[in-house]
Amino acid sequence: MAQPGLEKKTSTKVEDQSSLKGTLASVFLLGFFLIITWVGVFLLFVNRF
């Protein structure tokens with residue numbers, strides 16, 4: 001049973017929500033670059049044999 005006066009009051013500070021569209025675009029560009037690089041290396045490997 002909780003005693004009165006011992007309750008902790010917690011306050012949550014809400015920070016402003018910044019847009020993550022730039023981050024999403026950067027991750028997609030990096031992903032596409034990695035995929036294109038791997039496909040290029042794979043095709044180079046296949047063409048040599």
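Two aromatic pairs are counted in this predicted model, where rings of Phe, Tyr and Trp (its six-membered ring) pair if their centres lie within 6.5 Å. F28 and F32 form one that is stacked, with 6.2 Å centre to centre and 20° between the planes; planes under 30 degrees apart count as stacked, over 60 as edge-to-face and the rest as tilted. A pair of aromatic rings is described by the distance of the centres and the angle of the planes. Because F28 and F32 are four residues apart in helix α1, about one helical turn separates them.

The model is predicted, so local features need pLDDT of at least 70 and side-chain atom pairs count only at pLDDT 80 or more, while totals for chains, interfaces and linings use all residues. Residues are numbered from 1 along each chain as its sequence is written, and side-chain values use heavy atoms, with hydrogens and water left out.

Helix α1 covers residues 21-48 and includes F28. UniProt, in an unreviewed entry, lists residues 24-46 as "transmembrane region"; such annotations may be inferred rather than shown by experiment. Over residues 24-46 the chain is 100% helix, and the end C-alpha atoms are 33 Å apart.

How much of the chain is buried? Buried residues make up 0% of the 49 residues, where buried means under 20% relative accessible area, exposed over 50% and partly exposed in between (1.4 Å probe, protein chains only). F28 counts as partly exposed because its relative accessible area is 48%. In the segment before α1 lies S19, which is exposed because its relative accessibility is 56%. A polar atom of the S19 side chain lies 3.4 Å from the backbone nitrogen of K21.

The accessible surface of the chain comes to about 5600 Å², of which 68% belongs to carbon and sulfur atoms; accessible areas come from the Shrake-Rupley method with a 1.4 Å probe, and for residues only the protein chains shown count as cover.

Key: Helix = DSSP H or I, 4+ residues; strand = E, 2+ residues; numbered from the N terminus. Polar contact = N/O pair within 3.5 Å; in protein donor to acceptor, adjacent residues only side chain to side chain.
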